[in-house]
Amino acid sequence: MKILNFETNDIKNKLKLDSMPNGNLFVGLVVCLLGFWGLYVWWWSVAEVLRGVVPIILILFGLVAIGAGISKKQTNNQVDEK
């Protein structure tokens with residue numbers, strides 16, 4: 001009984017995968033086009049969502065910055081004590 005021994009290059013050559021168009025590229029282009037179409041058609045809805053989300057994101061980034069500043073201050077105090 002002989003066990004089949006394949007290498008990836010052999011499989012690519014037999015199936016000619018390098019010459020086939022990339023499916024991910026096609027799907028990505030279609031999804032991007034649908035996204036741009038959605039932005040165009042529902043622009044006012046997108047703008048309303050952004051008006052509500054942007055302040056929340058700013059608050060969250062501000063809290064993260066405050067937390068990082070407090071953490072850095074505590075680290076500097078611990079280094080100074082040693």
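Modeller: The accessible surface of the chain comes to about 8,200 Å², computed by the Shrake-Rupley method with a 1.4 Å probe, where for residues only the protein chains shown count as cover. Carbon and sulfur atoms hold 68% of that surface. This is a predicted model, in which local features need pLDDT of at least 70 and side-chain atom pairs count only at pLDDT 80 or more, while totals for chains, interfaces and linings use all residues. Residues are numbered from 1 along each chain as its sequence is written, and side-chain values use heavy atoms, with hydrogens and water left out.

Biologist: How many of the 82 residues, in percent, count as buried?
Modeller: Of the 82 residues, 2% count as buried; buried means under 20% relative accessible area, exposed over 50%, and partly exposed in between (1.4 Å probe, protein chains only).

Biologist: Where is confidence lowest, and where highest?
Modeller: Confidence is lowest in helix H1 (residues 8–15), at a mean of 58, and highest in H2, at 90. The chain has a mean pLDDT of 80.

Biologist: And Val27, where is that found?
Modeller: Val27 lies in helix H2 (residues 23–41). Val27 is partly exposed, because its relative accessible area is 48%.

Note on methods:
Helices (H or I, at least four residues) and strands (E, at least two) are DSSP runs, numbered from the N terminus. pLDDT is the predictor's confidence in each residue, from 0 to 100.
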